[in-house]
Amino acid sequence: MKKILLIFCLMLLSASSTGCWNLKEPNQRAFIIGVGIDMTEDKELEISSEIAVPAGLGSSQVTGAGKKNTFTVVSAKGKDFMDAGQHMQAELSRSLFYAHRQTILIGQHMAEEGVDRYLDMVVRNPKSEIRSVVLVVKGGTAKEVIKAEPTFDPFISTTLGSQQNALGMKPYYFRMLLCDAYSEGTQPIVPAITADPARGYVYTGSAILNKDHGLKLVGFLDPEESMYDNWMMGKQKKLTFTTQIGKENKMISLAVQSLKHRTHIKMVKNKPQIYISLHGTGSIVENNSPLDPSKDDDLKTIQTRLSQEAEEKVRKLVDKAQHQYKIDIFGIGEHVHRQHPEVWKTLKPHWHETFPELPITVSVHLRYRDPGQTNSSL
Amino acid sequence: MNATSQRSTSIDPNLRLSPHLVNNEHTLKTMFERCSDVIFRDVTLQGDTKLLLIYVDGMIDKDIIQSVILKPLMYEGIPQGIGPIDSIAQMCDQQLFAVLQTKKVNTFHDAADDILKGNLAILADGEASVLLTNVSQFEARSIEEPSTEASLRGTRESFTETLRTNTSMLRRIIVTPNLKMESFHIGKLTQTEVVLAYIEGIVSASMLDEIRSRVQQIDLQGVLESGYIEESIEDTNFSPFPQMLSSERPDVVSSGLMEGRVGILVSGSPIALIVPMTFWDGLQAPDDYYERFMYVTMNRWIRYLFALFAILFPSVYIALTTFHPEMVPPKLMLSITGLREQAPFPTVIEVFIMEFMFEGLREAGIRLPQQIGPLVSIVGALVIGQAAVQAGIISAPIVIVVSAAGISSFVIPRYRFGYPMRMLRFPLLVLSGIFGLFGTAIGMIAILSHLIHLSPLGTPYLQPVAPTRKSKVKNVFLRWPRQRADKS
């Protein structure tokens, strides 16, 4: 018996020495489900937190009083993230809890100033979630987006990741931003949304951040460009192509399910040559043209036309990246690093200058698997 | 003086009978003083031979006494033609009665013993011994369906209180002279017959010797149920886990015997013990080996999961919601929080209240007269379930957690094996209420190390998983078809 008692005492002591003494009832915590990072006119950091009000959620039978809002937004300025948190706490009767943060929104102004100096907390704080979806607010502040009331969910923060899923992308989590920021050659492409008074919050492509300059905003890609970029980066799961076909400008749509991408680096006289090939197979989901996909000739026409059109767009995007933004948004540097590590050492220091001059060859192959239920259209 | 505690203390245990019937009668009547159910019947045969019959009313078959013993003696006299018999005393000596079991004893002590066990004692004048004929017959419950170990498939027989009925059931199943039934009489006052059943050649001799010596060393005033034997011979009393399998089914005991275990049957108890027991036995149902192996495998996994669930769910719930809310999916966490917005008690206290209520309901349900049974369920469901939640005293998730854990403990097929799960929940609740998941982990480690440490009669409790027996471990998690299991 003495032995058991001794063991029990030791266990108690060891438990108290680990500092595992943080019992807090759920209703003593303020669950932050989304956060917006903005920079004010006076170059001050402003953090807006969307805090869930659990009493307003679901359980209608418990609350006798009128239905409460499902969330509240608290904003505070501060020297850094946690300093602003302190100021927010002053308004709240429950202690802030960061581990359920679903979304990090970055205002355009903030992004232009470079956001990396305020993001350390997300990784360093053990109570902080790094699986938050990161978005840049195009042409607005994060504060106004985070206040929006979404159609389906009670919170906008939980919807943004699902919105990206519905668009066929892999949601862009903070840990992916981390990976990109610490990678050798990839520049982070962060999804962007816009607060539109008429349409709510709309996905408007992506924001290009420059990891070599404190994650400063370089520019935006429109949704279609982002789609091709995501395809090249392997972040797109499905997409739908629509193209004009024939003389009468009739449309045909292909829903592509399996997207494959391959970047091949060929070294010619110590200069890399880039070959990007994109593959996709899908089914024809709409066909307003007189072409009959069940006929071999027509099918070839359709496939070539679709591939050509896509190829054209990718080429334009490559051109834009090389000559307008002069920034590697395709992760080509990463591919060079992997395929030719010995060359990368010499290329890395002046990759910025090298990238715009690289010869990049793009080829797109779209194939159909399923012509749909009918042959030609009505 | 000690007459109430020690039977026949006034008589020297070795006191022998005298040839004079009058003396013997006097001594026995003194022994059975104020025992209204012990009947003394004087019989005089043909005017001169005096006989004295003694029996306990209600324990013997009166018809047999009348037709087999009294009638022939009184009307036909001493049977002739089988040699010269001079007196009834000589007849007693040669045991010439048409009864299967007869024996002769010479001391008052032995005579009284057997009379109390339902024998008819016949004393004759001039004979210094008692003839005891076994004509015992008493009311016994008939064989019924097992009430605590129901199974969908398999025998509908269960043991009764009559030991010989029980042993006969085993004999009917296992037909071999190797099935041994060693008998012991335990209990100073009850003299309860305890039978060790085993199959010679299969059972391990050293284990059998150990059990036998433990049974022989039992020193009890009385044995009313097999639980007395279990408590007296189990390895450690200080364990929440049962170390002997108890069963009221002859098929379960037979399968245990065929696996080389020892069955302990106790007279007066419909529950037999099977030793040694392992942890996995507690989670196996009788019809596991009767039903198709795939269903059984699925059911086994369900039981394992629910057993874990029964012991862990409330404490993990406490740990997760109050210590580590980051581990709960956000939407779930928010709805839990929403539901306990108005809860006046901390989560730990809530769980404790509900656990106590649940255990109270369970305990009340066992002993309630059947007519009041529905009342408890109504009060339990309405008052404790619904009203407490609606009044905002208990939050709804707690009711879900506690009742889910409670139900899972009833998934365990052996009712008494659910007790440790329910009982250990409480220390785990305290630990996780103080230390969070760390406490839960410490508690589980303590339970596991206890289980590993436990080895009733030298058989590790967690065998064949720990220590691992490769050939048998499969059978714990899968019930493989028999003929295939033998091959591999």
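Start by selecting A:Cys9, which counts as partly exposed at 40% relative accessibility. Now jump to A:Cys179. This cysteine is exposed, with a relative accessible area of 52%. Where is the line between the two classes? Exposed means over 50% relative accessible area.

**Confidence**

Keep in mind that this is a predicted model. Its scores are ipTM 0.82 and pTM 0.83. Colour chain B by pLDDT. The average there is 86, and 92% of the residues score at least 70.

Which element of chain B has the highest mean pLDDT? Select residues 262-266: this is strand 9 of chain B, at 95. Then select residues 88-94 of chain B. They form helix 3, whose mean of 60 is the lowest among the elements of the chain.

Next, go to residues 1-9 of chain B. Here pLDDT stays under 50. The model gives this stretch eight contacts beyond four places in sequence.

**Chain A: two lysines and a helix**

Move to chain A and select strand 11 (250-268) and strand 12 (271-287). In the loop between these strands sits A:Lys269. Its phi is near 50°, a positive value in a residue other than glycine. Is A:Lys269 buried or exposed? It counts as exposed, because its relative accessibility is 77%.

A:Lys326 lies in the loop between helix 9 (296-325) and helix 10 of chain A. A:Lys326 is not a glycine, yet its phi is positive, at about 55°. At 47% relative accessibility, A:Lys326 counts as partly exposed.

Follow the chain into helix 10 of chain A, residues 332-339. Which of its residues are buried? Select A:Ile332, A:Gly333, A:Glu334, A:His335 and A:Val336. Now show what covers them.

**Chain B: a loop residue**

Switch to chain B and select B:Asn106. You will find it in the loop between strand 3 (102-105) and helix 4 (108-116) of chain B. B:Asn106 is partly exposed, at 31% relative accessibility. Show its contacts, leaving aside neighbours within four places in sequence. They are B:Leu15, B:Arg16, B:Leu17, B:Ala128 and B:Ser129.

Now draw a distance from B:Asn106 to B:Gly433. The two residues are 327 apart along the chain, and their C-alpha atoms are separated by 70 Å.

**Chain B: two cis bonds**

Select the loop between helix 15 (437-453) and helix 16 of chain B, where B:Pro464 has its place. A cis peptide bond joins B:Gln463 and B:Pro464, with omega about 5°. B:Pro467 is found in the loop between helix 15 and helix 16 too. The bond from B:Ala466 to B:Pro467 is cis, with omega near 0°.

**The second largest pocket**

End at the second largest pocket. It holds about 1,500 Å³ of space. Which residues lie nearest its centre? Select B:Glu259, B:Arg261, B:Tyr289, B:Lys472 and B:Asn475. In total, 44 residues line this pocket. They divide into 19 nonpolar, 13 polar and twelve charged.

Finally, highlight three helices of chain B: helix 8 (250-258), helix 16 (470-477) and helix 17 (482-487). Each supplies at least two residues of the lining.

How values were computed. Residues numbered from 1 in each chain as written. Chains lettered and ligands numbered in written order. Predicted model: local features only at pLDDT ≥ 70, side-chain atom pairs only at ≥ 80, totals over all residues. Heavy atoms only, no water. 1 Å grid on protein atoms, 1.4 Å probe; cavity = no way out; pocket = protein on both sides within 12 Å on 5 of 7 lines; lining within 4 Å. Points joined across faces, edges and corners; volume = space filled by probe spheres on them. Helix = DSSP H or I, 4+ residues; strand = E, 2+ residues; numbered from the N terminus. Nonpolar A, V, L, I, M, F, W, Y, C, P; charged D, E, K, R; others polar. Buried < 20%, exposed > 50% of the residue type's maximum accessible area, 1.4 Å probe, protein only. Contact = heavy atoms within 4.5 Å. pLDDT = per-residue confidence, 0-100.
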